[in-house]
Amino acid sequence: MLTLEQLRNDATLPEEEWQLIRDGIILAVRERLVGRRIMNIRQVAPSIQEYGYDRMKSEMADAAVVAKGGDFPRDIYDTERVKLQILKIGDGFTIPREDYLAGQLRTVSLEQMTRRLAEKEDKIIFEGDADFLAAGGALDYAGNSTTAAASWDTATVLQIYDDVRDITGKIEQDKFLGPYMMVVHANEMKNLRKYDTTAQTTVMQLLFGPEGDLSDLISEVLVSYGITDGNALVTTVGRDISELVVAEDLTVEQPVYMARQQRWEGNAYERLVPV
């Protein structure tokens, strides 16, 4: 810890304290990240500012039975080039002089910053950004959707189960097999815990199925504040489903001391885009 005399403008933290803060921030943010758990991660060079890829506009033809000496068919399909800006998500934090002298490095500012960063990444993955990703996120690009038979707040256990069964059936028709993961807002978890006194089961028990049974619809339920309440996303994971393109993963800049404000100031950021 620096002495009072060393708390001057532009002072930097001792290496041990800096490592403690950095590791604490990275761990706290990553524990709260949900969106990237349903995506394949593609690491690109930090110099990349725009990511482009080809998206198919039509289905490919079926494979053919080739006669001896016959010609092999060639793929004929339409593609479109999609270009997306690499987005920088960032936030700042402070450590007041008095907290530092008391050895309290995990301040309220730092704690709230980790929550905001994680929620912003999830928000971009699930719903896009009005200014920088106006086309939307995973909810908008989902190939299938269904409207619940009733609001899950008032729906029965079996009605909620049938809603999920309906959407997994649509995904299977598109040749994407499970296991499926489901992402819901925290407010929907109470509805997944509803108990049917007649069947003596909850929605969660129906979704997961008996242990060792192959009748389960969902392999994991994830909770995120980045998805709007009233929506649920059901998906499987794979490069042909979705990817999170990462130019710079979560990075914490070393705080510097600002004598005028009598506090340490630092930044945390990451550069990425969901595709």
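Predicted model: local features only at pLDDT ≥ 70, side-chain atom pairs only at ≥ 80, totals over all residues.
Local features need pLDDT of at least 70 and side-chain atom pairs count only at pLDDT 80 or more, while totals for chains, interfaces and linings use all residues. Residues are numbered from 1 along each chain as its sequence is written, and side-chain values use heavy atoms, with hydrogens and water left out.

The largest nonpolar core holds 46 residues. Such a core is a set of buried Ala, Val, Leu, Ile, Met, Phe, Trp, Tyr and Cys residues joined through side-chain atoms within 4.5 Å. Buried means under 20% relative accessible area, exposed over 50%, and partly exposed in between (1.4 Å probe, protein chains only). Ile21, Ile25, Ile38 and Val183 touch the most other members. Several elements each supply at least two residues of this core: helices H1 (15-32) and H3 (108-127), and strands E3 (79-85), E4 (87-96), E5 (180-184), E10 (243-252) and E12 (263-274). Helices (H or I, at least four residues) and strands (E, at least two) are DSSP runs, numbered from the N terminus. H3 gives the most to this core, with seven residues.

Val183 has contacts (heavy atoms within 4.5 Å) beyond its sequence neighbours. Not counting residues up to four places away in sequence, Val183 touches Val34, Ile38, Phe126, Leu222, Ser224, Ile227, Asn231, Ala232 and Leu233. A second, separate core has 20 residues, including Ile160, Ile171, Val184 and Met189.

Helix H1 has 18 residues. From first C-alpha to last, H1 reaches 26 Å, close to the 26 Å expected at 1.5 Å a residue. That expected span is 1.5 Å times one less than the number of residues. The buried residues of H1 are Glu17, Trp18, Ile21, Ile25, Ile26, Ala28 and Val29. Seen down the axis, they fall within an arc of 165°, so they line one face of the helix. The arc is that of the directions from the helix axis to the C-beta atoms. What covers these buried residues includes E4, helix H2 (97-101), H3 and E10. On the other side of H1, Glu16, Leu20, Leu27 and Glu31 are exposed.

Lys175 sits in the loop between helix H5 (157-173) and E5. Its relative accessible area is 72%, and Lys175 is exposed. Gln200 lies in the loop between strand E6 (195-196) and strand E7 (201-202). Gln200 also counts as exposed, at 58% relative accessibility.
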